[in-house]
Amino acid sequence: MKKVFINFTNYEGNEWVVIHHIGTDLTTSVQEFKKNLKEYLSIGPDDCHSFNLIKVNLKNKDYDRLMNITLQNDLDEDDLEFFTELEETYDFEYICYDDNSGNYEIVKLYCEDNNLDSEDEDVFEDVFDLLMNDEDLYETYIDKYLD
């Protein structure tokens with residue numbers, strides 16, 4: 001058995017999956033997760049996707065097959081079927097997960113820094129619009145969220 005960390009994005013019910021990183025070292029895998037999450041969040045909110053870092057112990061044959069998957073692209077039909085079988089066969093331990101809640105937390109961080117009430121829907125919406133229209137400011141708060 002081999003301990004493996006997999007960073008992937010999936011769309012509702014694994015309609016499609018993109019694997020971003022596969023590693024055997026937790027520290028490196030978390031760093032890759034943060035780097036990839038930053039890119040994911042910077043695209044903007046989408047509540048149908050989730051961004052994941054999991055740990056799983058795989059048999060060597062499954063690890064070898066996993067390592068042949070092309071990263072950063074939608075999995076083709078065979079690879080998606082294989083990945084789905086992995087989920088059904090093994091215990092995926094979720095280490096980090098973002099289902100668009102990161103964008104909510106980023107707005108809350110901005111509100112806290114500026115003494116604004118994030119529970120006020122109008123304030124929340126105004127701050128969200130501000131962040132979505134100011135790329136540099138938004139990136140600053142993504143970095144703060146990732147820390």
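Student: How far apart are the end C-alpha atoms of helix α4, and what span should its 13 residues have?

Tutor: This is a predicted model, and helix α4 covers residues 101-113. The expected span is 1.5 Å times one less than the number of residues.

Student: Which elements do the buried residues of α4 pack against?

Tutor: Buried means under 20% relative accessible area. In α4 this holds for Gly102, Asn103, Ile106, Val107, Leu109, Tyr110 and Cys111. Their packing partners are α1 (26-42), β4 (93-98), α5 (121-133) and α6 (135-146).

Student: In what order do the four strands stand in the open sheet?

Tutor: Strands of a sheet pair through backbone hydrogen bonds, either parallel or antiparallel. Here the pairing is antiparallel, and the order is β2-β1-β3-β4.

Student: Why is one side of β2 and of β4 left without a neighbour in the sheet?

Tutor: β2 (17-23) and β4 each have a single partner strand, so one side of each has no neighbour in the sheet. For β2, β1 (residues 2-11) pairs with it in the antiparallel sense over six bridges. The reason is therefore the position of β2 and β4 at the edges.

Student: What pattern does the chain follow along the sequence?

Tutor: The secondary structure comes to six helices and four strands. Read along the sequence, these elements give β-β-α-β-α-α-β-α-α-α.

Technical notes:
Residues are numbered from 1 along each chain as its sequence is written. This is a predicted model: local features need pLDDT of at least 70, side-chain atom pairs count only at pLDDT 80 or more; totals for chains, interfaces and linings use all residues. Side-chain values use heavy atoms; hydrogens and water are left out. Helices (H or I, at least four residues) and strands (E, at least two) are DSSP runs, numbered from the N terminus. Buried means under 20% relative accessible area, exposed over 50%, partly exposed in between (1.4 Å probe, protein chains only). Contact means heavy atoms within 4.5 Å. Two strands pair if DSSP finds at least two bridges between them.
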